Amino acid sequence: MAESVRANSIAIIGMAGRFPGANCIEQYWSNIVGGVESIAEFSDEELLRSGASRELIGRPDFVKAAPVLDDVEHFDAGFFKISRREAEMMDPQQRIMLELAWETLERAGYAGDAYRGLIGVFSGAGGLMSSYLCSPFHVHGKLIGPTGSMQCIGNDKDYLSTRVSYKLDLRGPSLTVQSACSTSLVAVHLACQSLLAGDCDMALAGGVTIRVPHRMGYLHSSQALLSPDGHCRPFDAKAEGTIFGSGAGLVLLKPLAQALDDGDHIHAVIRGSAINNDGAAKLSYWATNAEGQMAACADALAVAETPARSIGYLEAHGTATAMGDPVEIFGLTRAYRRSTQDKQFCAIGSVKSNFGHLEAAAGIAGLIKAALVLEHKTLPPSLHYHQPNRAIHFTETPFYVNTECRSWAADGKPRRAAVNSLGIGGTNAHVILEETPESGDVDRDDVASGTDSMPAPRTRLLTLSAKSANALRELCERYAEYFAKPEAAFGDVCFTTNVGRGQFPHRLAVVADSAAEARDSLQAWLADKMAPAAEHGVVEPVDGRAVFLFSGDASNSGDAGQQLYDAQPVFREAVDRCRAVSGQDRAKPLVEMFALQYGLAELWTSWGVVPAAVLGKDAGEYAAACVAGILTLEEAVRLAVADGQEPAAVAKFREACAKAESPKAKVRFLSGDLAACVAELDAQGFRIFVEIGPRPQLLGPGKAAMKDHAGLWLPSLEPGKPEWRTLLSGVARLYVYGAKIDFGGVSRGTGGRRVVLPTYPFQRQRYWIDAMAVIKQDVSGQVRVLAIEPAQLVDAAVIEQCYREIAAALDGSEETCVLVDFSRVNFMSSMALGMLVRINKKCKEYKVGLRLSGITPDILQVFKITGMDKIFDIHATAAEAVAAFQAAGSSLRRTGPKSYEVT
């Protein structure tokens, strides 16, 4: 570790999020710097479809707006091997976190099985248990289950983090964190502590809030902290409250020194963080406290070993409440005044001005914004600020509200930012960030590029894979578009796709010298899947055992292997060992042939292509026997030097080979007649054959000897063709065939750093249990009509839901005449009859007249048998029931407002 890298610093190496108006980080930043407000406004029709009543919509204090996400009801269940039934019951918060976790790992270059370190998960969710489960507009009996049921595990907060760990096979600590609005920033702090304690090597941290029903407004008069017009104005004189919405975000964290050594893309660096609680020193449980905020901020600065004067941007909690904003600025100012009296040097903003308050996801939204501010060296505007809150005197504080987008000029020192997050209940969190150190700022062994001074070859291998044909096509389209960008560093792209992505059945591989060539190949494949520019296939279970074929013709090999010797450390070291053993005899053609074959075998093995059998022809038997472990390197080289002229040594070699030709040998050794040997291997299920030599001599005859299967026959080198490209083409074919490749080995010596690339195109479908909507409300002639929709009235949960909806309708109406219409129902159960008795009792409590209509003859017969026909006024049609109310001279409207408790 370089001395200039601070030991306790944590790198943010991956970020992903879904925020109002932004389904990806790039759009999120674009909206922030563009000053875009992402508050959706709803029509009455949209609100009615979401479950709002006309009475609610018509209230003057009802705000028809909310920050929403696109397609919250959609999910790629197949990607995570989740059944339709489970996906439908699962809280959308858990579903979105699964997708974001995978996306975060992909953006960092650590998705899939290649990385075997410990990855922790620290996250929290919003809502009361789950608004998907408990929303009064959405409640559905199928979502309510006992403790330990699928419904419980799919919806309760306890299972948020551990589900991610289970589905992505992450073995580090997995904790669900809950501290109300500060949840996700507290999760980041705990993740950093876990990394510093050595509990894990990397950690996912963040939070999510998805409000259900999703497209629904709110009553602002019932809570003083809610905005009366759907806009959030942090720090402004006209600030009257916030607006709550949905969003989710995750970051992947890693110790900075390790991230630098591993060649990771670093968005920003966390220098320090702190959390605490206000305790009882405040007006109420709901209130905030300046002392607690001051202490959290001061502690974070101390942990970060950072003077307050060095902070150039602060992402505030900024809820735009009349008292909350002044208290926050007062507490932060007191913390900064401990070390500086300077004024208005730190820009302040709040992403809540763009889309309101995301509850449990608010802190991570602020952290990601602050990291992007540092990464792009740009100060974005905080919206809706014109005049300061009368209780805030910014000119006497270290802060000023930044209202326009501008470049963040450096003063020769690292740019630093801070994030403040507060939670109802008093848990405060504060994080200090610093921009990523420039490459010249630290001493770092470039492990990713190796230590060799030889230039890396230009030719690279790009691998892409997906779980379906359509997803692979979409992924290729994304990469073709990405390669059109001038900043696409092709070597880094290939390194990242090869070592940092999952490997799925639908595969495509491209060998190219540049991003432009790769784009052309992808576009050619998209236009015609049979195009030779790319290897493509669907992996099925295959016998991955490989056979190495060693020919014995050392003539006309020329300078074969020289390109590999210059660029590949593994090959060069193997050849050098052979030459060192051979000494002055190294110039003999057979010795050089042996060195070439031994070097190629070592190179393939370092890439994960380990032979389960070797087949030697003539002098190629020496290298084959050495690779099989029959001969030591020294023994094999001595035989190559003698070139068969030491009878005793050759006899000993033949004896050893005879003993090694056992089917039980770890590495099978075969020699002699090629056709017979291939036929034997064919019968034993071998399908992958790699020729180890300067030219393909055995591939044609060997393939001809296969009976029922073509197999995969690959040359290592071909005369007149670039050596590295030939080898990579072989790797591409192996990858598409389904062989296991060690891409870390393939990348060794070629350089490469992890870069942010297009992510997996999830194939989302709608998984949603809609509100039961057992009843449909209408008003006919001032009579409230409650029409029971077709429903399973033999199901206890449905019947209970029916009662709850009717009781709620009675509570909210002004009518004294209510009709329950059964015209669309053709069956009834004893439980449903019991429900009607309860409804009748409720109507009497509310002094509401009740009549029934649409009862079928079969159901009417049940009524007569049970005596129910004497309890209820029953009519054939709704029109007759309304007329009966009018004929009776009933008072159709209540004389004054009246409210009843629905139980």
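A cavity is a set of points, on a 1 Å grid over the protein atoms alone, where a 1.4 Å probe fits but cannot get out, and its lining residues have an atom within 4 Å of a point; the volume is the space filled by probe spheres set on the points, which are joined across faces, edges and corners. The model is predicted, so that local features need pLDDT of at least 70 and side-chain atom pairs count only at pLDDT 80 or more, whereas totals for chains, interfaces and linings use all residues. Residues are numbered from 1 along each chain as its sequence is written, and side-chain values use heavy atoms, with hydrogens and water left out.

| Cavity | Volume | Lining classes |
|---|---|---|
| Largest cavity | about 110 Å³ | seven nonpolar, seven polar, two charged |
| Second largest cavity | about 90 Å³ | six nonpolar, six polar, one charged |

The largest cavity is lined by 16 residues, of which Leu464, Ser465, Leu475, Arg501 and Gly502 are the closest to its centre. The largest share of this lining, three residues, comes from the strand β19 (strands are DSSP runs of E, at least two residues; helices, of H or I, at least four; both are numbered from the N terminus).

In the second largest cavity, 13 residues form the lining, and Arg460, Leu461, Asn498, Ser747 and Thr750 are the closest to the centre. Here α16 gives the largest share, four residues.

Technical notes: On a 1 Å grid over the protein atoms alone, a cavity is a set of points where a 1.4 Å probe fits but cannot get out, and a pocket is an open set with protein on both sides within 12 Å along at least five of seven lines; lining residues have an atom within 4 Å of a point. Ala, Val, Leu, Ile, Met, Phe, Trp, Tyr, Cys and Pro count as nonpolar, Asp, Glu, Lys and Arg as charged, and the others, Gly among them, as polar.
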